[in-house]
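Here are some exercises to work through with the model open beside you. Try each task before you read its solution.

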Amino acid sequence: MTTVVELAHTSKQYRLSHEKARSFQEIWLGLFKGKHAAKTVEKFWALRDVSLQIKRGESVALIGPNGAGKSTALKIIARIIDPSQGMVHVQGRMSALIELGAGFHHDLTGRENIFLNGSILGFNRQEMQARFDEIVSFAELEHFIDTELKRWSVGMVMRLGFSIATSVNPDILITDEILAVGDESFQRKCLRRINTFREAGGTILFVSHDMHAVRDLCERTIWLDHGTLQMDGRTEEVVTRYLASGQDQEMSLAQQTVEV
Amino acid sequence: MITTKRKGDAVTVWVTSDRQTRRHPLRFALETAGRLADLWSYRELIRNLVVRDLKVRYKNSAFGFAWSLLNPLFMMGVLSVVFSLVFERASPVENFPAFLVTGLIPWNFTNTSLTRAVNSVVENSRLVKKVFFPREVIPISVVLANFVHFLLAIPVLLIILMFLGVMPNPKVLLLPPLILIHLELVLGISLFISCVNVFYRDMGVAMDVLLQGWFFATPIFYHHWILPLWLQKPAMANPLAAIITAYRDVLIYGRFPDRNFTVGALVSSTLIFAIGYAVYTRYASVFAEEV
């Protein structure tokens, strides 16, 4: 099987700018006061020496507490940011659901946004035209598709975003906590669709705090903490160990709400 | 140093930690040119962003596209009145309204493009943070949307000139290359200022003053002949001055533009574009972190 996503000794360093000089004025004032601007910049490793390989057709979950580096890893893989050290290799067309509907414009209609969003994801007009009806019917938005997005509810916008990103048949689907789309029946529909995508041989990289969804969707799980790789293995084992470590309060909260 | 290698649909990005390694300038130039060629595969996105811009801008305005003409026309009216009544002796130009409008419509394109481009990356921060695509698409599409307005304004300009007693002449065929030089200049500046604005928001604030300064420094409501002799050559080193003078030569006087000025404008516009594009792509990879 081909490796479609690979990180090798990948690190990402952010600068935490507590009082970073942002304007010329501040720099000059800083010089005047004899303070050096660089002093206030703190370096912070969001990801430290992470290596992983994902093969075609695998569905892999990334778990870990807030600030563990999950989103940073996804952004590096999606090429939104560059690593500070190490290597990233990606093969195939990606559809990154880092945020649903990131490219939507609220003064345009649903129809116009489908084509705009498609081209942001790298798909041309014909490709989007071919999928248009399916996108609309999956999102259940037939009545509103020629209305401007600003008149839609938040849930409707999210549904359209999800529908577009999963209808374009990417090779790799990257999702960051996006299953909280719409009501329960629509969420189930989303899960079904991701499952279909997986069964068709698609590769999934999935970030979630919802351990139920992780168990349902992914056979393999990678646990990140403080930017380092804690564990990489079969979902059952990793999730059990992770839950036992009990450090993710937010996750246990999510668990409770699901179970209630 | 970050190196990106592409092969088919596979992309590899790796970082060599030593900061001393610098790209050979020639290699940097080649990579930049390659990146410019890659833009072609994103033409659909550029087109859609241009269409979005055009649709959204005049969505709730009664006059719509007409504004891109009304603006320079109002300005032509005001300046004509001021100069022909108040400074009657100070305006040595024949058919002053025609002279003005041929300067103002190109200036309007420059002005609105730069004003909107400077904030374009910052305004699209959600997109930049969440989706991958070549970042230069953003300012380029803003400029192209304004360029569409400019192109649509040109036939109208020809009609206005006819009303003002200037008949079209065959030299009008020289317009396309002049327009392309103009576009190149505006694109280059837009890339540069929109990039600087990501790191220093001062750029956006300073834009008003800079544009006003440029307006007065460019022979738009005056002829460069009225400048002191020693100032004429430096003033025409301003590429926009040469471009607008060339527009007038072609549209009003039906003569070939001054060769030195035009070649100078071509060279400096190309240089500005190359610098703007190189600076932009050099820093584009950190936009998602800074914006």
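Predicted model: local features only at pLDDT ≥ 70, side-chain atom pairs only at ≥ 80, totals over all residues.

**Exercise 1.** At roughly what angle do the axes of helix α4 (residues 125-139) of chain A and helix α5 (residues 154-167) of chain A cross?

Residues are numbered from 1 along each chain as its sequence is written, with chains lettered from A and ligands numbered from 1 in the order in which they are written.

*Solution.* 
- The two axes come within 9 Å and cross at roughly 140 degrees.
- Angles under 35 degrees count as roughly parallel, over 145 as roughly antiparallel, 65 to 115 as roughly perpendicular and the rest as oblique.
- So α4(A) and α5(A) are oblique to each other.

**Exercise 2.** Find which residues of α4(A) and α5(A) meet.

*Solution.* 
- Contact asks for C-beta atoms, placed from the backbone, within 7 Å.
- On α4(A) you get A:Arg131, A:Glu134, A:Ile135, A:Phe138 and A:Ala139; facing them on α5(A) are A:Arg159, A:Leu160, A:Ser163, A:Ile164 and A:Ser167.
- Sorted by class, that's 5 nonpolar, 2 polar and 3 charged.

**Exercise 3.** Now look between the chains: how many residues does each one give to the contact?

*Solution.* 
- Chain A gives 33 residues and chain B gives 29 residues.
- On chain B's side, β2 (10-15), α2 (43-57), α6 (125-130) and α13 (287-290) each supply at least two.
- Strand β4 (residues 85-91) of chain A runs antiparallel to β2(B), joined by 6 bridges.
- One pair of bridge partners there is A:Val90 and B:Val11.

Terms used. Axes fitted to C-alpha atoms, helices over the stretch in contact; angles between N-to-C directions. Helix = DSSP H or I, 4+ residues; strand = E, 2+ residues; numbered from the N terminus. Contact = placed C-beta atoms within 7 Å. Nonpolar A, V, L, I, M, F, W, Y, C, P; charged D, E, K, R; others polar. Pairing = 2+ DSSP bridges.
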